[in-house]
Amino acid sequence: MLLVGILTVASLLAGCAPITGAGPTQPAIPVVALMHAGTDHNPPSLQTLVEGLGELGWFDGPIGPVMEQLIGDGTAVNGLMKQLQGQYRGPRIELIWRNLDPNQQAQIDEQAREFVRERVSLIVAFEDKSIRAAQDATADPANRIPVVFLHPSDPVRDHLVATLANPGGNLTGVWGARDPIARQLNYYRQILPALKPLRLLALIDPSDDATTDTLLGEARDAAKQLGITLDERNASTDVELDAAFASVEPGQVDGAFIVSPRLRLYFSSKILALAAAAHLPVQAHRKEWVDPKLIDPSLVGREALFSLGVAVGPVGTAGSRFVDNILKGADPATLPPQEVPKIEFTINLKRAAELGIEVPPHVITFAAYVYR
């Protein structure tokens, strides 16, 4: 009887003790991988994405310490960002940042596959090369990690989503009118009205599908209507860009014009340096290249004359809402991509003066930002 009593008490005590190894466990902190291919800059939408996540409650306090852990002080040395990877671990979210060499596609692809092997909760891919790598790495149904894309050239044309209304896969995100070719040429025409005809060195990457499919035709049509002659040169690498500028005699062209999105994304600092050496104006797709102190003080004196492109801040803010919704259980297949259509025009009057260009007053009034 004594033995029965002892066993009974032990059984009751065991019933009151916590059971380990059974029942539901606490959910793991979500891990969001952030990848970008373009070591000469950090995408400005990264900051607004992180700001948005903070406002949505994924971390407390100011954004500064979070960004410092991801990208350091955000500056560059000799055209290369000083910090290309970083990590933030908070009580509610973990962020992993990787900025990759755009000329090393195998490296970019491997990084996306590594994120899949690590089973991150979600990948945010900035711009075309990272987006393509993330899409390929998550194509297998066993690896179907959600991907939020930011800044694709065209999500339907690039086969990232089935349709804008019904993406239908594991990719969704934010895109904008990043290729306003005709409007950029029109600004060139207005800034240099005395030059008739205006002749521009047109830089074309023949391996860029966006260029060969639509943009080159748009550029040629717009140039014809505006009385601009495009002196076309093909270039896909640093060496070919050197050759393109070297092939132009002094006074042969009045400026340089970047046609291909791939060249703007991955070779902007290179083209700015070559244009400065040739004493030619060049356009850009975002204001940071018009005032490079925002990226790399060593690029001062190589600024673009003007920029015209999508406002990138709202892209990151909108992207944070996609991340938030998916982490809370939304299916990316049912989240239509969002377009950010706002276009910003920026001009650098100091650079114009250095090039001997007098910008007409009415053009200055169009600018969202003016650097003097």
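**Thr346 and its strand.** I started at threonine 346 and looked up its bridge partner, which is tyrosine 369 in β16. The model is a predicted one, where local features need pLDDT of at least 70 and side-chain atom pairs count only at pLDDT 80 or more, while totals for chains, interfaces and linings use all residues. Residues are numbered from 1 along each chain as its sequence is written, and side-chain values use heavy atoms, with hydrogens and water left out.

Next I checked how strand β15 (residues 343-348) meets β16: they pair in the parallel sense over three bridges. For me, two strands pair if DSSP finds at least two bridges between them. Helices (H or I, at least four residues) and strands (E, at least two) are DSSP runs, numbered from the N terminus.

I then traced the sheet, which is open, has four strands in the order β12-β13-β15-β16, and is mixed in its pairing. β12 (283-284) and β16 stand at the edges with a single partner strand each, so one side of each has no neighbour in the sheet.

I moved to β9 (residues 198-204) and β10 (residues 228-234), which pair in the parallel sense over seven bridges. Arginine 199 stands opposite threonine 229 in β10.

**Aromatic pairs.** I counted rings of Phe, Tyr and Trp (its six-membered ring) as paired if their centres lie within 6.5 Å, with planes under 30 degrees apart stacked, over 60 edge-to-face and the rest tilted. That rule gives eight aromatic pairs. In one of them, tyrosine 187 and phenylalanine 306 have ring centres 6.4 Å apart and planes at 45 degrees, so I logged the pair as tilted. Tyrosine 187 lies in helix α6 (residues 181-191) and phenylalanine 306 in strand β13 (residues 306-310), so this pair ties together parts 119 residues apart in sequence.

Are these two buried or exposed? Tyrosine 187 is buried at a relative accessible area of 10%, and phenylalanine 306 is buried at 0%. My cut-offs: buried is under 20% relative accessible area, exposed over 50%, partly exposed in between (1.4 Å probe, protein chains only).

Tyrosine 187 also pairs with phenylalanine 366: the centres are 6.3 Å apart and the planes at 75 degrees, so this pair is edge-to-face. Phenylalanine 366 is in the loop between α13 (361-365) and β16 (369-371), so its pairing with tyrosine 187 of α6 ties together parts 179 residues apart in sequence. Phenylalanine 366 is partly exposed, at 42% relative accessibility. Tyr187, Tyr188, Phe257, Phe306, Phe345 and Phe366 form one aromatic cluster.

While on α6, I noted that the helix is mostly covered, with eight of its eleven residues buried. Among them are Leu185, Tyr187, Tyr188 and Ile191.

I also found a charge on a ring: the charged end of lysine 129 sits over tyrosine 266, 4.8 Å from the ring centre. The test wants NZ of Lys or CZ of Arg within 6 Å of the ring centre and within 35 degrees of the ring normal.

**Core.** Which residues have the most contacts inside the largest nonpolar core? They are Met35, Ile123, Leu203, Phe245, Ile271 and Val282, in a core of 48 residues. Such a core is a set of buried Ala, Val, Leu, Ile, Met, Phe, Trp, Tyr and Cys residues joined through side-chain atoms within 4.5 Å.

I listed contacts (heavy atoms within 4.5 Å) for valine 282, leaving aside neighbours within four places in sequence; they include Tyr188, Ile271 and Phe306.

**Two more spots.** Glutamine 111 is in helix α4 (residues 105-117) and is buried at 9% relative accessibility. Beyond its neighbours within four places in sequence, glutamine 111 is in contact with Met35, Arg98 and Leu100.

Valine 120 is in the loop between α4 and β6 (122-126), buried at a relative accessible area of 6%. Its C-alpha atom is 7.6 Å from that of isoleucine 145, 25 residues apart along the chain.

**Whole chain.** I ended with totals: the protein chain has 13 helices and 16 strands, and 53% of its 372 residues count as buried.
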